[in-house]
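Trainee: I'd like a close look at one part of this model, please: the charged side chains. Please walk me through where they sit and how they pair up.

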Amino acid sequence: MYDILIAGAGPAGMTAAIYGARGGKSVLMLDKMNYGGQIVNTPEVENYPGTGRVSGFQLAQDMYDQATGLGAGMDYAEVTGIEKTEDGFLVHSSFGTDYEAKTVILATGVKSRLAGLEREEQMTGAGISYCATCDGAFFRKKDVIVLGGGNTALEDAEYLTNICNKVYLVHRRDKFRGEEIAVKRLAAKENVEFVLDSVPVEILGEPKVTGLVVKNLKTEETREIPASAVFVAYGRVPENGAFADLAELDGAGFFAAKEDCLTGTPGLFVAGDARAKVRRQLVTATADGATAAMAAIDYLNALEG
Ligand code: NAP
């Protein structure tokens, strides 16, 4: 029986683990993948206070070392469901193992949004990718395409300009959603081309990607861009359906909890990008982790009297 079980070992979950362990509680993090969540896919983080410029991978490693160094544990399994019991919660995992915990923090994050193209899933791994830092090196000196106009797309495109021959950034509007500093840095690169007001319509190539057909929404003209890879950076969507009975979801599927990270179920808390919020940043995720863990500690202390 753990005091605090944390579903998801991204920045929110690892921060919750740090606070929980420092609060003297037994803590276990569960994650289907490695620890770190989305930041491991971020080439460089430069807006997390106090770290300067650091790779997302390194920052994740540092957070993990800090959490486990303070006594938190980690198991590699996906939390597939939770049940309320008399003593707390029964947590079901993908390996068939059940865990018992007095409190649970759901820090389940979000997953990549698909571009919605025909053959997209079939071609994933054959030139379609959702992670430039994971797969970029496979396309060294090749031409590649990045889809999207947010910070992820801008940073992915900049990262790829250092590896690839040419990078096309295809965005549906003529203004970027991402920050000005990232736009300027990318625009300064010689081997980038912005393809604005445009959306992808067809993946070319079989069995591997050889290009993409894009359509300009203003002129209605289509254009074939030859490329070996297409990196989709269309943001992320939540996957919280399995927990909806115990933690209310909003219309978009995010946990409908406020900044206090409380759910309608006593002892169950939510944190990070999976929660309904205006800004999804590393610093807002870690803030949630701290808030949720402190609420769990208060709850446990009140139980113990
Ligand atoms: P995002 O900000 O939601 O941007 C998604 C982009 O994809 C938008 O430009 C959007 O276009 C486009 N898009 C979405 N669906 C589309 C569709 N069906 N067809 C065409 N285009 C589509 O996602 P993100 O870039 O992954 O960033 C997520 C959060 O993480 C943001 O808060 C971001 O600031 C943060 N982040 C921060 C950093 C950093 O600070 N270093 C790095 C990465 C991410 P529209 O703009 O037209 O809507």
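Mentor: Happy to! Let's settle one term before we start: a residue is called buried under 20% relative accessible area, exposed over 50%, and partly exposed in between, using a 1.4 Å probe and protein chains only. The areas themselves are computed by the Shrake-Rupley method with that 1.4 Å probe, and for residues only the protein chains shown count as cover. Keep in mind that this is a predicted model, in which local features need pLDDT of at least 70 and side-chain atom pairs count only at pLDDT 80 or more, while totals for chains, interfaces and linings use all residues. Residues are numbered from 1 along each chain as its sequence is written, and side-chain values use heavy atoms, with hydrogens and water left out.

Of its 305 residues, 49% count as buried.

Now to the pairs. Side chains of opposite charge can pair when their charged atoms come close. The rule here is a side-chain nitrogen of Lys or Arg within 4 Å of a carboxyl oxygen of Asp or Glu, which defines a salt bridge. By that rule, the count comes to 16 salt bridges.

Take aspartate 3 and lysine 102 to begin with: their side chains meet in a salt bridge, at 3.4 Å from N to O. Aspartate 3 belongs to strand β1 (residues 2–7) and lysine 102 to strand β6 (residues 98–106), so this pair ties together parts that are 99 residues apart in sequence. Aspartate 3 is buried because its relative accessible area is 12%, whereas lysine 102, at 26%, is partly exposed.

A second bridge joins glutamate 239 to lysine 32, where the closest N and O atoms are 3.9 Å apart. Both partners come from loops: glutamate 239 lies between β16 and β17, and lysine 32 between β2 (27–31) and α2 (56–69), so the parts tied together are 207 residues apart in sequence. Glutamate 239 is partly exposed with 45% relative accessibility, and lysine 32 is partly exposed with 48%.

Arginine 223 forms a salt bridge with glutamate 193, with 3.0 Å between the closest N and O atoms. Here strand β14 (residues 222–226) holds arginine 223 and strand β11 (residues 192–195) holds glutamate 193, so the bridge ties together parts 30 residues apart in sequence. Arginine 223 has a relative accessible area of 33%, which makes it partly exposed; glutamate 193 is partly exposed too, with 23%. Beyond such pairs, there is also a network: Glu44, Glu46, Arg53, Glu158 and Arg185 are joined into one by salt bridges that share partners.

That leaves charges that gather with their own kind. Patches are built from residues with over 30% relative accessible area and no salt bridge; like charges are joined within 9 Å, and nonpolar side chains (Val, Leu, Ile, Met, Phe, Trp, Tyr) within 5 Å.

On the positive side, Arg113, Arg172, Arg173, Lys175 and Arg177 gather in a surface patch. One of them, arginine 177, sits in the loop between β10 (166–170) and α5 (180–187), and it is exposed, with a relative accessible area of 65%.

The negative counterpart is a surface patch of Glu83, Glu86, Asp87, Asp98 and Glu100. Glutamate 100 is found in strand β6, the strand that also holds lysine 102, and glutamate 100 counts as partly exposed at 42%. Valine 270 is in strand β17 and is buried, with a relative accessible area of 0%.

Definitions and conventions
Lys and Arg count as positive and Asp and Glu as negative; His and the chain ends are not counted. The place of a charge is taken as NZ of Lys, CZ of Arg, CG of Asp or CD of Glu. Helices (H or I, at least four residues) and strands (E, at least two) are DSSP runs, numbered from the N terminus.
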